[in-house]
Amino acid sequence: YPRQAGLVKAVAELVSAGLAQAGQVGKAGARPRVLFSAHGLPQTIVAGGDPYQWQVEQTCAAVIEALGRPDLDWQVCYQSRVGPLQWIGPLTEKEIERAGRERVRLVVVPIAFVSEHSETLVELDIEYEALARRVGVPAYVRVPTVSISRPFIAGLAALVREALAGGHGICPGGGTRLCPAAWGKCPMAAGGPEP
């Protein structure tokens, strides 16, 4: 459900509040940068047809569209890399370091996370905030996950009602393919829900 209206509205509201908070810190006139931070995956999984990265990027683009701020400075990045494999990027920590070099305030948005857990409470709130301080980021604002926000829960409920009414299973959008054909691991790869 990467472009589901309730999810997009919930994240947009959180980003808007984070931007307002970041706007009260640092130099007047300096625009904050929004980092949408998602859990990463090894590059081989995405290259093999998993639509995750495409879906994350769709959500972020929809949020920016919903904010009505096309000039907003924003970046999708990925966290939680482990092991020797090449992972999708850019890495969140590298984007924090870049913001430090550029002296840009950050609004960090956990995207593709719906609840608070170790990747948000430890990695984003403790480890990455400490990194931001070390590299000179003027302000580090981390927005919460969508959790139980009303628009998000309403969006999930709409997906359930749609699935029950139309028999489209896990597919949002009335049974039509959501991901481009290149993403062969999409559950809708055959053009419709699997039986």
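**Exercise 1.** Leaving aside neighbours within four places in sequence, which residues is phenylalanine 36 in contact with?

*Solution.* The structure is a predicted model.

Step 1. Once neighbours within four places in sequence are set aside, the contacts of phenylalanine 36 are Val11, Val15, Cys60, Val63, Ile64, Trp74, Gln75, Val76, Cys77, Val109 and Ile111.

Step 2. The relative accessibility of phenylalanine 36 is 0%, so this residue counts as buried, the cut-off being under 20%.

**Exercise 2.** Describe the largest nonpolar core and the elements that contribute to it.

*Solution.* 

Step 1. This core has 35 residues, and those with the most contacts inside it are Val11, Val15, Val34, Phe36, Val63, Val107 and Val109.

Step 2. Two or more residues come from each of H1, E1, H3, E2 and strand E3 (106-110).

Step 3. The greatest contribution is that of H1, which gives nine residues.

Step 4. A separate second core has 13 residues, including Leu106, Leu124, Tyr128 and Ala132.

**Exercise 3.** Identify the aromatic pairs in the whole structure and classify their geometry.

*Solution.* 

Step 1. The search over the whole structure returns two aromatic pairs.

Step 2. For tyrosine 1 and phenylalanine 152, the ring centres lie 6.4 Å apart and the planes meet at 50 degrees, so this pair is tilted.

Step 3. Tyrosine 1 belongs to the segment before helix H1 (5-23) and phenylalanine 152 to helix H6 (residues 150-166), so the pair ties together parts 151 residues apart in sequence.

Step 4. With a relative accessible area of 40%, tyrosine 1 is partly exposed, whereas phenylalanine 152, at 4%, is buried.

Step 5. Tryptophan 74 has a relative accessible area of 30% and is partly exposed.

**Exercise 4.** Is glutamine 53 buried or exposed, and which residues does it touch, not counting residues up to four places away in sequence?

*Solution.* 

Step 1. Glutamine 53 lies in helix H3 (residues 52-67).

Step 2. Its relative accessibility is 14%, so glutamine 53 counts as buried.

Step 3. Beyond residues up to four places away in sequence, glutamine 53 touches Val46, Tyr78, Ile88 and Gly89.

Definitions and conventions
Residues are numbered from 1 along each chain as its sequence is written. This is a predicted model: local features need pLDDT of at least 70, side-chain atom pairs count only at pLDDT 80 or more; totals for chains, interfaces and linings use all residues. Side-chain values use heavy atoms; hydrogens and water are left out. Helices (H or I, at least four residues) and strands (E, at least two) are DSSP runs, numbered from the N terminus. Buried means under 20% relative accessible area, exposed over 50%, partly exposed in between (1.4 Å probe, protein chains only). Contact means heavy atoms within 4.5 Å. Rings of Phe, Tyr and Trp (its six-membered ring) pair if their centres lie within 6.5 Å; planes under 30 degrees apart count as stacked, over 60 as edge-to-face and the rest as tilted. A nonpolar core is a set of buried Ala, Val, Leu, Ile, Met, Phe, Trp, Tyr and Cys residues joined through side-chain atoms within 4.5 Å.
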